[in-house]
Amino acid sequence: MLGHNPGRTLLHMIDDSPRLIGWSHTRFGKLEHHPDVESLMAEVAMAAVADAGLSASDIDGIYVGVFNNGFSRQSFEAALVGVGHPELARIPAVRLENACATGSAAIFGALDFIESRRGRTALVIGAEKMTHADGDTVNDVLLGAAHRRTEAGAGSFAGVFGQLATEYAARFGEHHDALARISAKNHRNGLANPWAHMRKDLGFDFCATVSERNPVVAGPLLRTDCSMVSDGAAALVIAAPDVARTARRSVRVAGRAQASEPLPMARRRDPLFFDGVRAAFSAALAEAAVTLSDLDLIETHDCFTQAELMQYEAFGLAEHGKGATVVAEGLTERDGRMPVNVSGGLKAKGHPVGATGVSQHVLAARQLVGEAADMQLPSASRAAVFNMGGAAVANYATVLEGHR
């Protein structure tokens, strides 16, 4: 823990910030017992409501995050919640989408709903069924998270980050070992996550070495540098403070912000610095009236290890081009001064796209109320969550505060 901003307790007591009061989470991975996204949503929907101590009649709105119909081939996933649970069928429901940040888009929609006083409770569900699709389909759908007109030449979404990694190395020096250490860290952390797609300590040597089991995917990125194609779902119940007062525990949404980066990437001030990430993250901290040093952990969007490295710099953990120093110092390790992706991140946990942002918030919230089981940090009362769509195109940052 790096320290905390004084005077927050009184503010927590008198403000009207929404609270997270219930949650649920499927295992991530190849879930053959779930034939479709409808089935995945059914597993988590009422489980989250029950966890919040509520019933279906207490829910005022439903917000669903599913990436797009390239995987589900369905265009009204929000209505499918009521198929699995008829008691939820008549509650107003809407689907939101913003590439890999789809889960956070749904959460932000629900927060707007609560903060505008159009409702006092909202159920948020993020879900994706991906593993049934063949490789070409997966590649084409995920390429939609890139700017097709200018980035399709990279061949894949991984190819976009492979190009970033190549250009980063050309400007700032070889950083292959840093990427391997990020991957090894996240897999080591994932051992403690019962919902993770892969619970295996791969080790630095394996992550750093090209092999038949760890081939080159794009540019300098190996398979261990890339998040996995996964199925999964997660859900949250968000409530107004008066509702949360009767809940058995709650986590306060202390600050949040969204920022976008221009496309094509060549229009950016510097394609190797994520200005949109910096803007969203710093604005969320400012709204929460905290600094980076007040955080106890960060759950961030490591779709590729190169993304996590560049996010370190955008967050302010390292100077531009010096992200590898953070890795070498062990600052982001579980026992470091700023643990990052204690859950295993997208790298070990998996990346069912629509579910990812919701999952990040669920796992951060569990840390803040002491319910993270084997993942639990010794002391955690404030966390940041960062969820990214595209190559820092859509950026969502949240600051959460919990009191055990």
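**Reading pockets and packing in a predicted model**

Modeller: In this predicted model, the largest pocket has 29 lining residues, and Arg223, Cys226, Ser227, Met228 and Val229 lie nearest its centre.

Colleague: How many lining residues of the largest pocket are nonpolar, polar and charged?

Modeller: The lining has 16 nonpolar, 8 polar and 5 charged residues.

Colleague: What lines the second largest pocket?

Modeller: About 200 Å³ of space lies there. Its lining residues are Asp16, Ile114, Glu115, Arg117, Gly119, Arg120, Ala240, Pro241, Asp242 and Arg245. Helix 5 and helix 11 (241–244) are the elements that give two or more of them. By class, 3 are nonpolar, 1 is polar and 6 are charged.

Colleague: Back to helix 6. Which of its residues are buried?

Modeller: Start with the general idea. An α-helix has 3.6 residues a turn, so residues three or four places apart point the same way. Helix 6 spans residues 135–143, and Val138, Val141, Leu142 and Leu143 are buried. The buried residues pack against helix 3 (69–72), helix 7 (148–151), helix 8 (157–172) and helix 16 (353–368). Look at the start of helix 6 too. A side-chain oxygen of Asp134 comes within 3.1 Å of the backbone nitrogen of Asp136.

Colleague: How do I read a helix pair, and at what angle do helix 5 and helix 16 pack?

Modeller: Two packed helices are described by the angle between their axes and the distance between the axes. Helix 5 (residues 102–115) packs with helix 16 at about 60°, and the axes are 5 Å apart. Thr102, Gly103, Ser104 and Ile107 of helix 5 meet Gly354, Gly357, Val358 and His361 of helix 16. This contact has 2 nonpolar residues, 6 polar and no charged.

Colleague: Last one. Is Trp23 buried or exposed?

Modeller: The cut-off for buried is under 20% relative accessible area. Trp23 has 3%, so Trp23 is buried. Its place is in strand 1 (residues 19–25).

Colleague: Which residues does Trp23 touch?

Modeller: Leaving out residues up to four places away in sequence, Trp23 touches Ala47, Ala48, Asp51, Ala235, Leu236, Arg249, Val251, Val362, Ala365, Arg366, Val369 and Glu371. Take Ala365. Trp23 and Ala365 are 342 residues apart in sequence, with their C-alpha atoms 8.9 Å apart in space.

Conventions: Residues are numbered from 1 along each chain as its sequence is written. This is a predicted model: local features need pLDDT of at least 70, side-chain atom pairs count only at pLDDT 80 or more; totals for chains, interfaces and linings use all residues. Side-chain values use heavy atoms; hydrogens and water are left out. Buried means under 20% relative accessible area, exposed over 50%, partly exposed in between (1.4 Å probe, protein chains only). Helices (H or I, at least four residues) and strands (E, at least two) are DSSP runs, numbered from the N terminus. Contact means heavy atoms within 4.5 Å. A polar contact is a pair of N or O atoms within 3.5 Å; within protein, one must be able to donate a hydrogen and the other to accept it, and residues adjacent in sequence count only if both atoms are side-chain atoms. Axes are lines fitted to C-alpha atoms, for helices over the stretch in contact, and angles run from 0 to 180 degrees between N-to-C directions. Ala, Val, Leu, Ile, Met, Phe, Trp, Tyr, Cys and Pro count as nonpolar, Asp, Glu, Lys and Arg as charged, and the others, Gly among them, as polar. On a 1 Å grid over the protein atoms alone, a cavity is a set of points where a 1.4 Å probe fits but cannot get out, and a pocket is an open set with protein on both sides within 12 Å along at least five of seven lines; lining residues have an atom within 4 Å of a point. Grid points are joined across faces, edges and corners, and a volume is the space filled by probe spheres set on the points.
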